[in-house]
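Dear colleague,

I am passing on the structure we spoke about, with the sequence alongside. My notes on what was found in it follow below.

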Amino acid sequence: MTALAARGEPAWTRPGAEVAHDQGTDPGTGLTGAEAARRLARDGPNEVAVHPSPPLWRSVLGQLSDVLVLVLLAAAVLTAITGDLVDTAVIGLVVAVNTVLGVAQERRALREVQALDDLVAPTARVTRDGTAHWVPTRELVAGDLLALAAGDVVGADARLLAAVRLQVDEALLTGESQPSERDAGHLADADAPAADRAGMVHAGSTVLRGSGTAVVVATGPATAIGQVAVLVAAHRSPQTPLQRRLAVLGRQISLAVAAACLLFVASGLLRGQPWETTVVAAVALAVAAVPESLPAVVALALSAGAGRMGRRGAVVRSLPAVETLGSVTLLATDKTGTLTRGAMVVDRVWTPAEGEVDLPADTPGVRALLEAAALCNDADASGAGPGGDRGTADTETALVRAARAAGCDVAALRAAHPRTAEVPFDAVVRRMTTVHREPDGGARTLVKGAPEVLLAGGGPATAVADRWAADGGRVLAVTADGVLLGLVSMADPVRPEAAAAVAALHRAGIVVVVVTGDHAGTAAAVARQVGVLGAGEEPGARVHARVEPAGKLDLVTGWQAAGHVVAMTGDGVNDAPALRAADIGVAMGRRGTEVAKEAADLVLVDDSLATVTAAVAEGRRVFDNVRRFVGYGLAGGLAEVLVMLAGPAVGLALPLLPAQVLWVNLLTHGPVGVAMGGEPAAPDVLARRPRDPGAGVLDRSLVTQLVANGLAVTVVCLAVAGISRAADGPWQTQLFISLAVAQLALALALRPAGAWSRHRAGVPWLPVAVAVNLVLLAAAVLLPALSDLMGTEPLTALQTLAAVGPALVPASLVLLVRRLR
């Protein structure tokens, strides 16, 4: 960040006056108007550069170059050649929908960067030519003299020249749950993270109280928030595991179909069949072998999964993210607001007379301690907290709430003990002092602050304070006229469902890691409470504290390089680059910034990790259903290919007419395939380890299953046709019926365990689709007009039974094998 200092040394390592001198700024009068204009022309406006998006045609072309889309386009051409305009229209619609979704996702980066830019206030108060001016924030330049007051949003990174009780909220940038005190005299190390640069204020942070003067040292992309924008813009969301697997599957299918069709054409021509008939049959065979319903199944399965997630509090911003959750092997979770409630609470106190006391409690010692903490306090007496929602995490507000919970009327207490003098909290002395007039006319001095400042070395109070601090608590000591009243421990309490959610994720084989900008001790304590760490276990690689945006990004990319599918939760600006780079980014809906939400694939309405667990189950359900359809569809396609190739070898010159092949394909791959995408989850969906990220859809077990099923269907159908032909029966029609019934029965047999009893909340669409398609199959034989089109013959009841009965054998074998396992 070379703009930070003229001589290459970061501004936070040097005094403010020295930095102002290097910037050519007079601390009394600021820059001249002419110099400010010159610097603005040289450095450009103080805004995040938004790169123009590529032309729409290029985005569309990029989507259409996908392998699976090319296979679909080829299938559309083939169906058009055969006159099957219905299939052509369906495939064309699927390609169009997929293309629109892909282009929309590609353009999300522009909105993310724009959201970052919008965090900075539109105007800033600066001193130029010795006079205070309000100028547009985009016109700030390095060297400008900024005036800061409560409620201001800082417009650029600046080194403090002076600060009076200055406190800023940098949670959106650093992830630290507490407001940060600012001290103009503080010098930080050159490699200090933003949270430790107490002598700096950063663009996008909010001034909660106090005032200050600062010299601008970085604008636009050179600011801390600008660096986040650069990181966001530089990283595209990776392809999801399902997208990668489907791309591989598309290449495998295209090669197999091409080889099968060439073999069919060659064998037909060698047998002396007319080339027109052979080519048309090969085209029909290609259409049958390509599971053109797969994109529709995937899209509808993802849409249905997104709908179910939405009803459970997880808003899906990118459909592929639904399945990605089921592939996650590592979850990097933020601490504040995700594992914890994001609001400080006084949970225990210690008094010299009563020792440790868990709250709520109303004993004399506890009441005296909490009343003093409420008097030596600037928070609203109602406990509502200054600064809106952000103020709910303020320690002073937590103290007032604890006093109210103990039965104290804070407003009446303050009226009875009015403040007559005060020394505000200071980051250097680390204490706050107030003097109060007592009802008897006397005065009492109250002090609250860091235990190491107020306590003498050693003693029981020091031991308790050290132990509480080691547990991750924020500990304050309170004295009255120099006498210790006691200690107060505050913590951001763990969400009640967090431990159960972490345990469920562990059972699902997912590694859970805490990544936060907060202190290491606090992060480790929370990790132990929720089960990320065991009792006494060192943080190691599972707790990363004081991590800045680039560090979070490095962690995510490092895990991905190690082979993990990474989910990342976050809510602040500092999380945006990692959310974008993760395989799935999960933003918090309540506390999350628009930047985080724009960078994420999933937004949790309730900010609860338990919702992530439910979403993982949905993701695995989606993939299971897609995988089941792939196995089913390819088994049917294999059976059709083998019937057409092997039929002539057993005396069936042209086993099926092209129209019959296409009709079987429509019945078995259309509504039935789509219905398979909505099947219920298997009972063990969260009791098994994640899938191997490197494994494709077609793993060894699925290939074995689909080959076995395809061979079983082939043998049964050829046997039915061969026996019928030997008896001079309507063998082709019986083969047509057997092939369709065998595949429809197989679809029912492949349903997940317990599926028949878990449709209480909805319609069992797969059985309904199978029933409707059986009616359409019968219509192809019984209706004269359709029968003429299909080339089928009427069958007797016995001939129908001879075709249907054996067709149920493959499905029966599937059920038998499942039962024996």
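Which residues in α27 meet which residues in α30? In this predicted model, Gln734, Ile737, Ser738, Val741 and Ala742 in α27 are in contact with Gln799, Ala802, Ala803, Val804 and Ala807 in α30. Two packed helices are described by the distance between their axes and the angle between them. Here the axes of α27 (residues 731–749) and α30 (residues 797–807) come within 8 Å and cross at roughly 35°, and the crossing of α27 past α30 is right-handed.

Leaving aside residues up to four places away in sequence, Leu609 touches Leu331, Thr333, Thr338, Leu339, Ala501, Val502 and Leu505.

Helix α20 (residues 549–561) has 13 residues and reaches 18 Å from its first C-alpha to its last, close to the 18 Å expected at 1.5 Å a residue. Its buried residues are Pro549, Lys552, Leu553, Leu555, Val556 and Trp559. These cover an arc of only 160° around the axis, and therefore lie on the same side of α20, whereas Asp554 and Ala561, on the other side, are exposed. After α20 comes Gly563, whose phi is positive, near 100°.

Key:
Residues are numbered from 1 along each chain as its sequence is written. This is a predicted model: local features need pLDDT of at least 70, side-chain atom pairs count only at pLDDT 80 or more; totals for chains, interfaces and linings use all residues. Side-chain values use heavy atoms; hydrogens and water are left out. Helices (H or I, at least four residues) and strands (E, at least two) are DSSP runs, numbered from the N terminus. The expected span of a helix is 1.5 Å times one less than its number of residues. Buried means under 20% relative accessible area, exposed over 50%, partly exposed in between (1.4 Å probe, protein chains only). The arc is that of the directions from the helix axis to the C-beta atoms. Contact means heavy atoms within 4.5 Å. Axes are lines fitted to C-alpha atoms, for helices over the stretch in contact, and angles run from 0 to 180 degrees between N-to-C directions. A crossing is left-handed if the near helix is turned anticlockwise from the far one by less than a right angle, and right-handed if clockwise.
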